[in-house]
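Student: Please take a close look at one part for me: the pairing of charged side chains. Walk me through it in one go.

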Amino acid sequence: MDSLSLLWTAPLLAAGLYWFICILGSAEQKGKHATAISGGSISAEKVQDKYKQYWSFFLRPKEIETAEKVPDFVDTFYNLVTDIYEWGWGQSFHFSPSVPGKSHAEATRLHEQMAADLIQARPGQRIIDVGCGVGGPMRAIAAHSGANVVGITINEYQVQRARFHNKKARLDSLCEVVCGNFLHMPFPDDSFDGAYSIEATCHAPKLDEVYAQVFRVLKPGALYVSYEWVTTDKFRGSEAEHVETIEGIERGDALPGLRSYADIAESARRVGFEVVEERDLALPPSHPWWTRLKMGRIAYWRNHLLISVLSAIGIAPKGTLDVHQMLFQTADHLTRGGDTGIFSPMHMILCRKPIST
């Protein structure tokens with residue numbers, strides 16, 4: 001190879017290496033890079049141990065059904081997966097129906113804006129995001145409605161990430177993030193003009209408990225919408241394949257136990273809400289929400305190879321590969337849940353706190 005060829009080849013190799021390590025697999029432009037994947041608030045040397053601890057919860061299923069165990073269980077999960085979610089999926093940790101002619105990002109924003117419209121969010125109001133993650137929905141809803149949005153998440157690392165993104169998007173004047181347990185929210189009674197939760201309350205061991213907290217902090221007459229993870233009327237507990245699919249979703253998403261669609265409205269009424277509307281946003285004419293998972297299988301193998309390389313050379317924490325493998329297996333269970341129709345991540349319920357309680 002002559003010197004001129006070497007002069008051209010070296011920069012091309014360097015650029016290719018940078019693209020493969022730093023850019024490949026990022027779900028959003030200028031999003032999380034592969035080299036920045038961590039264990040959240042968990043130190044790098046403890047990621048693998050924490051992963052094993054997370055998985056051990058399922059060997060003692062009764063422990064994850066009790067409220068006192070769930071916060072640590074969910075917190076550990078989100079420390080392990082937050083960076084991988086941001087890198088491979090984006091800043092909105094939820095699903096949305098496919099929309100013909102729209103990108104995944106556009107479909108996601110439409111799904112989030114629907115929540116804002118359902119609770120009639122508008123400028124000057126104070127809205128709570130119950131289980132805000134790193135704040136993708138919060139920023140979309142604040143920008144769409146002009147309302148002030150306060151998000152709560154149990155994971156301190158997600159608080160840091162959400163604040164970083166809020167500032168970067170220049171929405172920090174409208175978006176506030178609090179670290180806390182949505183089963184014991186640190187807010188006064190009657191202090192919010194509206195509320196929403198997008199695929200978050202599935203982490204509560206008892207739905208009544210989180211609904212009761214939302215009811216308490218809402219002003220009389222205010223609206224609350226939730227997109228719930230549920231088993232549908234097609235689920236049969238007597239069918240082994242159905243049970244395997246649902247248990248796979250529970251294990252891979254830190255769920256104390258999936259609820260039936262038939263239980264949602266009853267929980268809302270028990271704590272005092274009026275149910276305004278209830279429907280499954282995944283049903284036709286909506287287009288499949290799991291299409292993105294099916295289309296992402298090649299991307300998974302590409303990303304898994306990259307994580308393997310980064311783990312081998314010590315950039316990604318030991319145990320990251322195990323977490324990524326778990327999430328891929330979970331994606332298979334979610335896809336089967338969508339294909340069979342036994343699972344929905346967007347059973348919508350719209351509630352109102354009565355004027356007089």
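Tutor: Accessible areas here come from the Shrake-Rupley method with a 1.4 Å probe, and for residues only the protein chains shown count as cover. On that basis the protein exposes about 16300 Å². Carbon and sulfur atoms supply 56% of this area. The model is predicted, so local features need pLDDT of at least 70 and side-chain atom pairs pLDDT 80 or more, while totals for chains, interfaces and linings use all residues. Residues are numbered from 1 along each chain as its sequence is written, and side-chain values use heavy atoms, without hydrogens or water.

First, the setting. The protein has 12 helices and eight strands (DSSP runs numbered from the N terminus: H or I of at least four residues, E of at least two). Of its 357 residues, 52% are buried (under 20% relative accessible area; exposed is over 50%, partly exposed in between).

Now the charges. Side chains of opposite charge can pair when their charged atoms come close. The count comes to nine salt bridges (a side-chain nitrogen of Lys or Arg within 4 Å of a carboxyl oxygen of Asp or Glu). Three of them follow.

Start with Glu244 and Arg336. Their side chains meet in a salt bridge, 3.8 Å from N to O. Glu244 belongs to helix 8 (residues 240-252) and Arg336 to helix 12, so this pair ties together parts 92 residues apart in sequence. Glu244 is partly exposed, at 41% relative accessibility. Arg336 is also partly exposed, at 31%.

Helix 12 comes up again with Asp339. Asp339 forms a salt bridge with Lys294, and the closest N and O atoms are 3.1 Å apart. Lys294 sits in helix 10 (residues 291-295) and Asp339 in helix 12, so the pair links parts 45 residues apart in sequence. Asp339 is partly exposed, with a relative accessible area of 45%. Lys294 is partly exposed as well, with 45%.

Then take Glu277 and Arg279. Their side chains form a salt bridge at 2.5 Å, N to O. Glu277 is partly exposed at 28% relative accessibility. Arg279 is partly exposed at 38%.

One last stop, on the way into helix 12. Ile315 lies in the loop between helix 11 (297-312) and helix 12 (320-340). Ile315 counts as partly exposed, because its relative accessibility is 38%.

Technical notes:
Buried < 20%, exposed > 50% of the residue type's maximum accessible area, 1.4 Å probe, protein only.
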